[in-house]
Amino acid sequence: MIQKRIYVNGIERNLFVNPDSPLVNVIRGQVHLTGTKVGCGEGHCGACDVIMNGKLTRSCVVKMSRVPDEAQILTIEGLGTPDKLHPIQKAWIKHGGAQCGFCTPGFIMSAKALLDSNPKPSREEVRDWFQSNRNVCRCTGYIPLVDAVMDAAKVMRGEMKEEELDFKMPADGRIWGSEYPRPTAVAKVTGALDYGADLGLKLPPNMLHIALVQAKVSHANIKGIDASEAEKMPGVAKVVTHKDVKGRNRITGLITFPTNLGDGWDRPILCDEKVFQYGDAIAMVCASTLEEARAAAEKVKVDLEVLPAYMSAPAAKAADAIEIHPGTPNHYFTQKLEKGGDTAPIFGDPNVVSVEENVISSRQPHMPLEPDVAFAWPGDDGKLHIHSKSIGVHLHHAMICPGLGLEPENLVLAANPMGGTFGYKFSPTIEALVGVAAMATGRPCLLNFNYRQQMQYTGKRSPFFINIKLAADKEGKLLAMDTDFDVDHGPYSEFGDLLTLRGIQFTGAGYDIPNIKGEGRTICTNHAWGSAFRGYGAPQSFLASEIAMDELAEKLGMDPLELRFKNAYRKGSLNISGQEPDSYSLPEMLEALRPKYKAALEKAKKESTATHKKGVGLAVGVYGSGLDGPDTSEAYVEMLPDAPLYKIVFPFPHIIS
Ligand code: FES
Ligand code: FES
């Protein structure tokens with residue numbers, strides 16, 4: 001331990017710290033300022049940016065031993081407060097820069113450091129600054145952030161009145177389409193919004209930290225788990241294994257299609273008989289500190305019989321592959337499609353122009369800035385309470401109750417403010433784990449993934465292995481499509497059949513194709529499990545059909561835009577599954593695009609050299625919003641007699657009630 005005297009936001013702090021502790025842990029855990037966030041924890045994302053002695057600093061990678069004595073540290077809390085926002089914070093609100101808000105404190109501190117050193121940056125300089133200082137945002141696309149810096153800089157130079165950053169209610173009182181700030185904006189730009197890890201720091205002193213014992217192989221039989229040495233380690237309250245799980249120890253996707261050969265009960269909360277993928281949770285050490293929990297987790301011995309790992313759909317489908325879930329074939333679901341007549345004679349017709357492509361889309365992580373975090377606590381009401389990044393608390397409640405062994409009325413699930421999920425939290429991730437830990441120890445338990453765990457143990461976009469054939473007449477009118485694909489959904493089946501159905505729906509979507517034959521298969525593999533991701537099945541499908549459209553255009557000698565325009569859905573077209581599309585917007589959109597596209601082609605041609613060629617890419621994307629079936633929604637609003645629904649006091653004195 002060492003003693004350090006530093007100044008945080010101008011206030012002297014006399015601290016006793018571990019020399020190896022990262023500065024951010026001291027700011028958050030010992031100075032109790034949780035506005036500075038931790039994303040990657042390894043210096044790559046900028047979420048933890050502070051300004052130390054005038055220099056932008058990634059506080060997750062600076063150890064306390066390297067923090068100079070008397071260092072002046074500025075955190076988001078020292079920049080502005082909810083009742084006195086800094087112009088950068090106001091500009092962030094005006095331009096919608098704080099969406100999930102998890103990157104926001106780091107970005108704002110980075111912007112402050114930029115404007116301190118360069119009060120009049122160009123847009124390019126702002127972008128370059130964020131790029132070179134590794135500030136990452138997954139939500140905004142960066143344009144609003146650059147807009148915010150440019151406006152804040154004008155205010156700070158005295159070229160724009162600060163009031164111009166405040167929201168003005170439109171004369172007609174309509175906020176739709178206006179810059180009305182989101183209700184959480186002030187909390188996000190000041191770092192006052194408590195995300196899961198921030199709430200975790202505010203749990204009572206008897207809380208326990210969880211360290212996972214995870215599989216370091218992708219497929220194995222578990223022959224034994226020996227926690228005896230770990231149980232004796234300092235600070236350890238309990239080592240939790242599958243034997244401590246009161247219920248069925250499985251997470252279920254609730255619904256599997258009737259033709260699914262599995263039963264949907266294949267994802268263990270804690271592995272009992274088998275490891276199904278790298279990173280699977282085998283045991284949890286619950287201890288007083290995270291360091292103690294991690295040290296003890298290293299001592300848990302797992303006896304494994306390693307099995308062949310099938311890391312792709314073709315490998316898992318091979319004739320000699322063993323069943324990953326014994327009793328269920330690795331190819332466990334098939335979705336077929338037939339539209340119109342037989343396609344074989346069309347592809348065999350010498351007057352028809354056709355192409356055939358084999359396309360593999362990659363497995364893709366969601367990369368939210370905030371890693372997964374959850375905590376659970378046994379309430380005085382006799383119920384188990386779980387707080388997490390769940391984006392479907394009601395769905396997840398039903399998915400984990402039987403596994404935990406709880407009657408529905410005894411489980412309370414709450415969603416914390418969260419730093420983006422982009423779909424992966426449509427599946428429960430660590431909710432059941434913290435629930436089991438709290439039930440087994442009778443104490444509040446916190447599990448905060450580091451970024452490695454985030455990558456290993458959350459769902460991913462599933463790769464598709466697609467064979468596609470397209471046929472058209474010589475004028476470019478599409479006549480037929482054959483599709484045949486495997487979905488590598490990892491080891492856990494939840495929503496895998498639904499995703500395969502999506503592949504069938506979206507491959508070739510957007511075009512009037514009269515004859516289609518298709519088959520999609522869901523394959524169980526030992527790679528990372530599949531979960532929802534923006535577009536859910538559409539990007540994989542379009543990768544194949546849009547590549548095929550480009551290839552077909554080339555073979556026909558047609559412009560790729562004109563081929564798409566000719567075949568886009570119009571009144572009278574039927575979509576892939578033979579229904580009338582809800583809208584016919586594509587021809588109009590392509591017409592609007594045409595002049596820009598032509599200009600881009602000209603530009604690319606002019607700028608191409610003998611060694612460097614430039615080109616213009618074009619792709620159509622179609623997605624059916626909502627789940628399958630009629631798209632419906634309902635809202636329930638309760639007007640409370642004594643309180644407004646939203647009360648936004650400062651700096652926007654509008655009350656909606
Ligand atoms: S750079 Fe520090 S949390 Fe990512
Ligand atoms: S607002 Fe930037 S990561 Fe969400």
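Reader: What makes you say that H4 and H6 meet, and which residues do it?

Author: Contact here means heavy atoms within 4.5 Å. In this predicted model, Phe 107, Ala 111, Leu 114 and Leu 115 of H4 meet Leu 145, Val 149, Ala 152, Ala 153 and Met 156 of H6.

Reader: On to the strands. How do you know that E7 pairs with E11?

Author: Two strands pair if there are at least two bridges between them. E7 (residues 220–226) and E11 (residues 274–275) are joined by 2 bridges, so they pair, and they run antiparallel.

Reader: How many bridges link E7 to E13?

Author: There are 6 bridges, again in the antiparallel sense, between E7 and E13 (residues 301–306). Asn 221 stands opposite Glu 305 there.

Reader: What about the sheet with the order E14-E22-E21-E20-E15: what makes E14 and E15 its edge strands?

Author: That sheet is open, has 5 strands and shows mixed pairing. E14 (331–339) and E15 each pair on one side only, and they are the edge strands. From one strand to the next, the twist averages 5°. E14 pairs with E22 (residues 515–523) in the antiparallel sense over 8 bridges, with Thr 334 standing opposite Arg 521 in E22.

Reader: Which helices sit against these strands?

Author: H16 packs on the sheet and touches E14, E20, E21 and E22, its direction making about 155° with that of E22. H17 lies across E15, E20 and E21, running at about 145° to E15.

Reader: How do you know that the span of H17 is close to what's expected?

Author: H17 (residues 538–556) has 19 residues and reaches 26 Å from its first C-alpha to its last, while 27 Å is expected at 1.5 Å a residue. After H17 comes Gly 557, with a positive phi near 75°.

Reader: Why are some residues of H17 called buried, and what covers them?

Author: Buried means under 20% relative accessible area. Residues of H17 that are buried include Phe 542, Met 549, Leu 552 and Leu 556. Their cover includes E15, E20, E21, H16 and H18 (560–567).

Conventions
Residues are numbered from 1 along each chain as its sequence is written. Chains are lettered from A and ligands numbered from 1 in the order in which they are written. This is a predicted model: local features need pLDDT of at least 70, side-chain atom pairs count only at pLDDT 80 or more; totals for chains, interfaces and linings use all residues. Side-chain values use heavy atoms; hydrogens and water are left out. Helices (H or I, at least four residues) and strands (E, at least two) are DSSP runs, numbered from the N terminus. The expected span of a helix is 1.5 Å times one less than its number of residues. Buried means under 20% relative accessible area, exposed over 50%, partly exposed in between (1.4 Å probe, protein chains only). Axes are lines fitted to C-alpha atoms, for helices over the stretch in contact, and angles run from 0 to 180 degrees between N-to-C directions.
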